[in-house]
Each structure stands twice: as structure tokens, then as C-alpha cells.
Amino acid sequence: MSELKNKTIITVATTGAWPTKANNPNVPMTPEEISEDVYACWKAGAAIAHLHMRDDEGHGTMDKEKFRKTVELLRANHPDCDIILNMTTSGDIHADDTTRQIHLKELRPEMGSYDCGSMNWLHTSLFLNPPAFLEELGKNMQEWGVKPEIEAFDPVMIANAAYYLKKGVLKAPLHFQFCMG
């Protein structure tokens, strides 16, 4: 058990949810750029890659083909890379519930994001994760063998995760990503 205390898991989100080239010219936007950045991060010690996609204008998208191409490029160009892929379910606040999940169903990544509540997003809009969606997503992730990364943007989302665990929508052990502040 003491050896587990000394382990560190590094997760990288090379693109993130909102930055563009205008914010930082090094932010990868295309599947080619994202796959190469993920590989470089894996070589530097990252264990998990949290993937967000961008459309051709640089806006967040849940386009399953962008996810597919990124994974295909990573696996084809770098077969030695065994980084855990964690695909977002929140890459476009305008996406419907099906669009937010279809890439998980089709690509079956090791992990997927599970934003455990709704919130104001960047003081400009609402990011909605209603209970019905969270229940559907949790059950689907279990069926598809995708481990939820529970993203907690405030303490209430930790309590929400405990509720969904008790209800059977989530299964222990839980994996949290704390995005406080």
C-alpha cells in the first residue's frame, strides 16, 4: 500500500475546453496537432490525455469524426503510446445529449468526462447537466466500459457523485478531477 502513496498520475488536456490560437499559438486545434501533442506529453510522463476537439474555426465541437481521426492518428503514428484516452462529453455547450455521448459509444475510450452538475460557464452561458442526462450517461458508460472521470467544479458536484454512486448510476472506485476555481 505504501508504494501506491508514492504514485502520481499526470493528466494532460492539450487543447482544453476553450483556449484558441489567439490565447496561445501553441494550443493544438486539429486532430494532427492534438495527436502529436498527446504523444509528446506521454513521452514526458503523462498517463491520461483528456481530449477536446475543435471545429475548423477553432470552436469546441463534439464531432465524433474529429475524435476518431485523432485516435487513429495517435495509434497509427505512435503504436508504442499506451496513454489512457479520456474523451470529453462537454466540448460544445450547444450539443444535444446524444451528440455528447456518441463518440464514447463508437470509440470506447478508457475514460470519459462526467460533469456532475450544471453551472454558469465563463460568465457567458449555462452548461447544463440535468439529472436525467447524468443518469443516462452514467448507465451508458457502464454498458460501454468507459470509466467516468467525475469533474467537480464545486463541492455540490462531489455530493452529486455520492448520490449517483448510491443510486448505482456510478460504480466505485470513483475517479475525480477537481476543477475548483
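**Entry 1**

I looked up Glu 135 and found it buried, with a relative accessible area of 19%; buried means under 20% relative accessible area, exposed over 50%, and partly exposed in between (1.4 Å probe, protein chains only). I noted that this is a predicted model, in which local features need pLDDT of at least 70 and side-chain atom pairs count only at pLDDT 80 or more, whereas totals for chains, interfaces and linings use all residues. Residues are numbered from 1 along each chain as its sequence is written, and side-chain values use heavy atoms, with hydrogens and water left out.

I then searched for the partner of Glu 135 and found a salt bridge with Lys 167, the closest N and O atoms being 2.6 Å apart. The term salt bridge stands for a side-chain nitrogen of Lys or Arg within 4 Å of a carboxyl oxygen of Asp or Glu. The pair links distant parts of the chain, with Glu 135 in helix α5 (residues 131-144) and Lys 167 in helix α6, 32 residues apart. Helices (H or I, at least four residues) and strands (E, at least two) are DSSP runs, numbered from the N terminus. Lys 167 counts as partly exposed, at 43% relative accessibility.

**Entry 2. Other salt bridges**

I recorded 7 salt bridges in the structure. One of them joins the side chains of Lys 66 and Asp 56, at 2.9 Å from N to O. Lys 66 belongs to helix α3 and Asp 56 to the loop between β3 (53-54) and β4 (60-61), 10 residues apart. I compared burial: Lys 66 is buried at 16% relative accessibility, while Asp 56 is exposed at 70%.

Arg 68 forms a salt bridge with Glu 106, and their closest N and O atoms are 2.5 Å apart. Arg 68 lies in helix α3 and Glu 106 in helix α4, so this pair ties together parts 38 residues apart in sequence. Glu 106 is partly exposed, at 35% relative accessibility. I also traced a network of salt bridges that links Lys 64, Glu 65, Arg 68 and Glu 106.

**Entry 3. The sheet**

I followed the strand order and found an open sheet of 6 strands, β1-β2-β5-β6-β9-β10, with parallel pairing. Strands β1 (11-12) and β10 (175-178) stand at the edges with a single partner strand each, so one side of each has no neighbour in the sheet. Two strands pair if DSSP finds at least two bridges between them.

I checked β5 (residues 84-87) and β6 (residues 111-115), which pair in the parallel sense over 2 bridges. Asn 86 has Met 111 in β6 as its bridge partner. Helix α3 (residues 64-77) packs on the sheet, touching β2 (48-51) and β5, and its direction makes about 170° with that of β5. Contact means heavy atoms within 4.5 Å; axes are lines fitted to C-alpha atoms, for helices over the stretch in contact, and angles run from 0 to 180 degrees between N-to-C directions.

I next examined β9 (residues 147-152), which runs parallel to β10 and is joined to it by 4 bridges. Glu 151 stands opposite Gln 177 in β10.

**Entry 4. Backbone exceptions**

Most residues other than glycine have a negative phi, and most peptide bonds are trans. I found a cis peptide bond between Ala 172 and Pro 173, with omega about 0°. Pro 173 sits in the loop between α6 and β10. Arg 108 has a positive phi, near 50°, and is found in the loop between α4 (102-107) and β6.
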